[in-house]
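Please walk through this structure with me, beginning with the sheet and ending with the charged side chains.

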Amino acid sequence: MALLPVVTYPDPVLRETSTRVESFDAELAKLAADMAETMYASNGVGLAAPQIGLAKRLIVVDPGSGEEKGKQLMTLVNPEIVESDGIIEYDEGCLSLPNLSVHMTRKGRVKVKAQSASGEAFEVTGEGLLAIVLQHEIDHLNGVLLLDYISPLKRRLVVRDLKELKEQEKGEAS
Ligand code: ZN
């Protein structure tokens with residue numbers, strides 16, 4: 001397994017609409033495993049393929065924490081929300097938007113239809129943090145970011161800070 005570099009805003013891949021996965025081969029299984037490892041190494045609860053630079057409809061999630069970490073890992077290929085209800089509020093962050101926290105209102109329960117890395121169809125119903133993570137990661141597959149949920153004024157400030165951060169990183173790397 002290997003750690004993959006996580007891309008950050010404003011990388012254009014984060015704004016793409018990801019394409020459906022059609023081939024369920026060894027390459028896909030390895031990609032899913034590497035994404036899970038990358039998620040854990042980044043202390044994330046979810047990771048979408050665009051965040052490692054691939055506009056494919058593939059996400060990994062694990063809402064567990066502490067001793068539960070690693071036990072609730074799920075790989076969802078071509079995930080689709082088929083039912084949702086209720087409301088939940090939570091302060092969300094994103095590995096692709098460093099230092100940003102957005103107070104979000106999401107659906108409190110979602111039912112998601114997906115395929116496993118080997119192509120088997122399944123459904124999962126998530127509540128609480130799992131519901132939030134599923135909605136957040138599926139947003140990534142549609143090019144939607146936390147930035148899209150904040151006011152235009154706040155967005156301008158956040159985008160400026162993110163671009164400055166990226167320039168600093170470039171400066172340090174060269
Ligand atoms: Zn994210």
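How many bridges join strand β2 to strand β3, and do these strands run parallel or antiparallel? In this predicted model, β2 (residues 58-61) and β3 (residues 74-85) are joined by four bridges and run antiparallel. Within this pairing, Val60 stands opposite Thr75 in β3. In general, the strands of a sheet pair through backbone hydrogen bonds, in either a parallel or an antiparallel manner.

The two strands belong to an open sheet of five, in the order β1-β2-β3-β6-β7, with antiparallel pairing. The edges are taken by β1 (46-48) and β7 (121-127); each has a single partner strand, so one side of each has no neighbour in the sheet. On average, neighbouring strands of this sheet are turned by 40° against each other, direction ignored.

Helix α1 (residues 26-41) packs on the sheet and touches β1, β2 and β3. Its direction makes about 40° with that of β2. The length of α1 can be checked against expectation: at 1.5 Å a residue, its 16 residues should span 22 Å, and the end C-alpha atoms are 23 Å apart, which agrees. The buried residues of α1 are Leu28, Leu31, Ala32, Asp34, Met35, Ala36, Thr38 and Met39. These buried residues pack against β1, β2 and β3. An α-helix has 3.6 residues a turn, so residues three or four places apart point the same way. After α1 comes Asn43, with a positive phi near 55°.

Next comes the metal site. Which residues coordinate the zinc ion? The donors are Cys94 through SG, His136 through NE2 and His140 through NE2, at 2.0 to 2.2 Å. Their spacing in sequence is C-x41-H-x3-H. Cys94 lies in the loop between β4 (88-92) and β5 (102-106), whereas His140 lies in helix α2 (residues 128-141), so this pair ties together parts that are 46 residues apart in sequence. Cys94 and His140 are both buried.

The closest N and O atoms of Arg106 and Asp139 are 2.9 Å apart. Are Arg106 and Asp139 buried or exposed? Both are buried.

The salt bridges of the model come to eleven. With a relative accessible area of 52%, Lys170 is exposed, while Glu167 is partly exposed at 48%.

Arg160 and Asp161 form another salt bridge through their side chains, at 3.8 Å, N to O. Arg160 is partly exposed, with a relative accessible area of 48%. Asp161 is partly exposed too, with a relative accessible area of 42%. Finally, salt bridges link Glu83, Asp85, Arg109, Lys111 and Glu123 in a network.

Technical notes. Residues numbered from 1 in each chain as written. Predicted model: local features only at pLDDT ≥ 70, side-chain atom pairs only at ≥ 80, totals over all residues. Heavy atoms only, no water. Pairing = 2+ DSSP bridges. Axes fitted to C-alpha atoms, helices over the stretch in contact; angles between N-to-C directions. Contact = heavy atoms within 4.5 Å. Expected span 1.5 Å × (residues − 1). Buried < 20%, exposed > 50% of the residue type's maximum accessible area, 1.4 Å probe, protein only. Donors = N, O, S within 2.8 Å, 3.2 Å for Na, K, Ca; no water. Salt bridge = Lys/Arg side-chain N within 4 Å of Asp/Glu carboxyl O.
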